[in-house]
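User: I would like to go through this model with a few careful questions about its pockets and its helix packing.

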Amino acid sequence: MPGISSRLETRRGRTGKVIKMADEGEAKSAGPRDESEEERADRNLGELLQELRVAGLGVQVLFGFLLSLPFTNRFTHLSPGQRNLYLGTIVLAAVATALLLGPVAYHRLVFRRGEKERLVRAANIMAIAGLAAVGLAVSAAILLVTDYVSSGLTAALITTFVTLLFAGLWFALPLARRR
């Protein structure tokens, strides 16, 4: 009977796959796109891996810089507090690297095992945590440099500004727009 929402019709999507359609014309797959759940997972994974390439490159540059720092002549001039800050910064950069590269390793280990949806969920969590770690590592590196150059209030103000900038642009704004 027409108008009964439990009745399903079928049609072909843009990829040629059959999609079940409710009478109201809404696809049973989630989201407004004309794609199956498998296609959506493929697209989500592709988008996520592309984003991780960009973020991963940035953290690798920071990590490389931090790794080379102890081998410079000026490193011996750091105070004990600055050395501890350096160690914290390099640990944050290593954590960020692990989190941002984690989805790649996960993908390789579960390749062709029907785990794509779980992979996308886990990779999303790793990416968000990795971005938080990158933001903290950059903020700590800013504190290290500004404390060495200027110390005191100037270092605190600049570091606070940079940390709030990361928090605002990377987390607060997207979460506010999400609602």
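This is a predicted model: local features need pLDDT of at least 70, side-chain atom pairs count only at pLDDT 80 or more; totals for chains, interfaces and linings use all residues.

**Pockets and helix packing**

User: Which helix gives the largest share of the lining of the largest pocket?
Analyst: At least two lining residues come from each of α1 (37-68), α3 (116-149) and α4 (152-178). By class, the lining of the largest pocket holds 11 nonpolar residues, 1 polar residue and 2 charged residues. The largest share, at 5 residues, is supplied by α4.

User: How many charged residues are in the lining of the second largest pocket?
Analyst: The second largest pocket, with about 220 Å³ of space, is lined by 14 residues, and Asp42, Gly114, Glu115, Lys116 and Glu117 are the ones nearest its centre. Helices α1, α2 (80-110) and α3 each supply at least two residues of this lining, with the largest share, 4 residues, coming from α1. Sorted by class, the lining of the second largest pocket has 4 nonpolar and 2 polar residues, while the number of charged residues is 8.

User: Are α2 and α3 roughly parallel or roughly antiparallel?
Analyst: The axes of these two helices come within 8 Å and cross at roughly 160°. Because angles over 145 degrees between N-to-C directions count as roughly antiparallel, the arrangement of α2 relative to α3 is roughly antiparallel.

User: What is the handedness of the crossing of α2 and α3, left-handed or right-handed?
Analyst: The residues in the contact of α2 with α3 divide into 26 nonpolar, 5 polar and 2 charged. As for the sense in which α2 and α3 cross, it is left-handed.

User: Why is the pair of Phe75 and Tyr86 classed as it is, and what is that class?
Analyst: A search of the whole structure finds 2 aromatic pairs, and in the pair formed by Phe75 and Tyr86 the ring centres are 5.1 Å apart. The pair links distant parts of the chain, with Phe75 in the loop between α1 and α2 and Tyr86 in helix α2, 11 residues apart. Since planes over 60 degrees apart count as edge-to-face and the ring planes of Phe75 and Tyr86 stand at 75°, the class of this pair is edge-to-face.

Note on methods: Residues are numbered from 1 along each chain as its sequence is written. Side-chain values use heavy atoms; hydrogens and water are left out. Ala, Val, Leu, Ile, Met, Phe, Trp, Tyr, Cys and Pro count as nonpolar, Asp, Glu, Lys and Arg as charged, and the others, Gly among them, as polar. On a 1 Å grid over the protein atoms alone, a cavity is a set of points where a 1.4 Å probe fits but cannot get out, and a pocket is an open set with protein on both sides within 12 Å along at least five of seven lines; lining residues have an atom within 4 Å of a point. Grid points are joined across faces, edges and corners, and a volume is the space filled by probe spheres set on the points. Axes are lines fitted to C-alpha atoms, for helices over the stretch in contact, and angles run from 0 to 180 degrees between N-to-C directions. Angles under 35 degrees count as roughly parallel, over 145 as roughly antiparallel, 65 to 115 as roughly perpendicular and the rest as oblique. A crossing is left-handed if the near helix is turned anticlockwise from the far one by less than a right angle, and right-handed if clockwise. Rings of Phe, Tyr and Trp (its six-membered ring) pair if their centres lie within 6.5 Å; planes under 30 degrees apart count as stacked, over 60 as edge-to-face and the rest as tilted.
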